[in-house]
Amino acid sequence: MVLQAIQYEPASGSSPPALRVLDQLLLPHRTTYVDVLDCEEGHAAIKQMKVRGAPAIAIVAALALAVEIGTKVAARKLPSRADDVKETIGQRLDYLKTSRPTAVNLGDAVSKLKIVSKKAVIQSGASAESVAQAYIVAAERMLVDDVSDNKAIGGYGARWIEENTVAGKKRKQDQSQQLKVLTHCNTGSLATAGYGTALGVIRSLRAGDMLTQAYCTETRPYNQGSRLTAYELVHDQIPATLITDSMTCALLAREGKNLAAIVVGADRVAANGDTANKIGTYSLAVLARHHGVKFLVAAPRTTIDLATASGQDIEIEQRAPEEVTRIKGPKVAADGQVLVDEGAELISTAAIGIDVWNPAFDVTPAELIDGVVTERGVVEKTDGKFDFTGVFQQS
Ligand code: MRU
């Protein structure tokens with residue numbers, strides 16, 4: 001079975017396109033897909049984090065509007081003028097963009113899709129249907145391109161680790177040597193259209209018989225690591241160990257040079273390389289520097305935001321206090337059996353009345369990042385500075 005956060009069927013005959021997302025709030029204990037019929041449902045699925053991860057958010061938003069438009073096409077309810085379809089697309093995209101603020105992929109998709117409909121409307125013979133169709137084709141393309149981009153990221157990242165880390169060089173020479181990697185949050189098939197970014201690097205290392213062990217952090221407070229990354233690693237039978245976020249320092253001290261690298265994803269990489277990613281990423285980068293471990297950010301170019309000069313300009317999403325003070329999951333019987341069928345329990349884990357700060361992301365300074373792995377190669381600093389213009393210039 002292939003893990004898929006996003007299931008999409010293009011329109012066929014008189015049937016409109018269909019979009020379903022895996023409800024990640026129920027993972028790892030339940031596999032339930034929910035239909036996304038329009039932009040309101042897409043917006044809600046993203047805001048409630050049924051779907052999450054920077055690339056997945058952007059793709060689901062784009063496809064939610066594709067379904068909404070496709071449904072109108074099938075029901076012959078499109079506005080009659082091409083220009084009105086373009087206007088509606090722009091307004092609906094602006095609405096979808098308000099679902100979550102930090103990941104730039106959503107804003108990037110919105111800008112690119114607006115350009116598609118603006119270009120479609122000035123084509124000779126443009127009609128309401130042709131503008132709608134141009135939008136749907138472009139949104140569907142994003143789903144396909146994301147998987148191939150992730151596979152390229154995985155390949156470049158794995159090669160960089162082989163060539164630039166002590167463990168990588170040793171293991172290349174001698175297969176009895178250890179090569180371990182630590183990752184944070186969830187950046188795999190569940191956070192993207194498939195394969196993943198940082199988890200794609202881990203998958204790629206494993207496919208090349210280079211990886212001996214992956215470590216994933218729990219990733220409090222939302223537990224994307226213990227619920228989602230651990231689920232993907234078990235699913236793919238990758239040798240892996242779960243640790244709490246507070247164990248990372250002890251792990252780096254224990255593993256020494258066997259730990260080749262810490263590889264994380266990103267929600268927004270500023271022009272100078274400062275990187276917003278899941279809360280806890282910054283502490284890992286500080287730890288990596290202290291222990292002489294390489295620190296890599298793996299992200300498609302859609303996550304690099306050249307319009308944002310530095311991390312100071314990145315809006316950090318603040319989430320509900322309850323994510324910190326409560327935890328949800330099925331009960332466990334005395335014999336260890338998880339009682340999934342009895343539904344989920346909500347458990348209080350903090351003193352009632354305590355004030356809570358719950359930023360969903362932090363910003364890792366570029367200074368602490370050794371490389372940004374994109375689908376066009378690994379960008380490293382020259383004279384202490386990242387320059388991403390090259391990866392955008394290539395065809
Ligand atoms: O709040 P989330 O779960 O959407 O945060 C996800 C992350 O921070 C990921 O590391 C990032 O989006 C990269 S996903 C390929």
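**View 1. Residues around the largest cavity.** The lining of the largest cavity counts 10 nonpolar, 9 polar and 4 charged residues. Here Ala, Val, Leu, Ile, Met, Phe, Trp, Tyr, Cys and Pro count as nonpolar, Asp, Glu, Lys and Arg as charged, and the others, Gly among them, as polar. This is a predicted model, in which local features need pLDDT of at least 70, side-chain atom pairs count only at pLDDT 80 or more, and totals for chains, interfaces and linings use all residues. Residues are numbered from 1 along each chain as its sequence is written, and side-chain values use heavy atoms, with hydrogens and water left out. The space in the largest cavity comes to about 190 Å³. Of its 23 lining residues, G53, A54, N186, D267 and N277 are the closest to the centre. Helix 2 and strand 9 (275–278) are the elements that give two or more residues to this lining. Because domain 1 (6–145) and domain 2 (166–393) both contribute lining residues, the largest cavity lies between them. The domain bounds come from an automatic or database domain assignment.

On a 1 Å grid over the protein atoms alone, a cavity is a set of points where a 1.4 Å probe fits but cannot get out, while a pocket is an open set with protein on both sides within 12 Å along at least five of seven lines; lining residues have an atom within 4 Å of a point. Grid points are joined across faces, edges and corners, and a volume is the space filled by probe spheres set on the points. Helices (H or I, at least four residues) and strands (E, at least two) are DSSP runs, numbered from the N terminus.

**View 2. The second largest cavity.** Look for M49, P221, Y222, Q224, K278, R319, E323, N358 and A360, which line the second largest cavity. By class, this lining has 4 nonpolar, 2 polar and 3 charged residues.

**View 3. The largest pocket.** About 720 Å³ of space lies in this pocket. Its lining is made of 26 residues, and L25, R227, I327, K328 and G329 lie nearest the centre. Two or more lining residues come from each of helix 8 (224–235), helix 11 (322–325), strand 12 (326–330) and strand 13 (344–348). Strand 12 has the largest share, with 5 residues. The lining of the largest pocket has 13 nonpolar, 6 polar and 7 charged residues. Domain 1 and domain 2 both give residues to this lining, so the largest pocket lies between them.

**View 4. The second largest pocket.** This pocket holds about 440 Å³ of space. Among its 20 lining residues, D108, K112, M142, D149 and T302 lie nearest the centre. Helix 2 (54–74), helix 4 (104–121) and helix 5 (128–164) each supply at least two lining residues, and helix 5 gives the most, with 7 residues. The lining divides into 10 nonpolar, 2 polar and 8 charged residues. Domain 1 and domain 2 each provide at least three of the lining residues.

**View 5. Helix 2 and helix 5.** The axes of helix 2 and helix 5 come within 9 Å and cross at roughly 150°. Axes are lines fitted to C-alpha atoms, for helices over the stretch in contact, and angles run from 0 to 180 degrees between N-to-C directions. Helix 2 and helix 5 are therefore roughly antiparallel to each other (angles over 145 degrees).

Definitions and conventions
Parallel < 35°, antiparallel > 145°, perpendicular 65-115°, else oblique.
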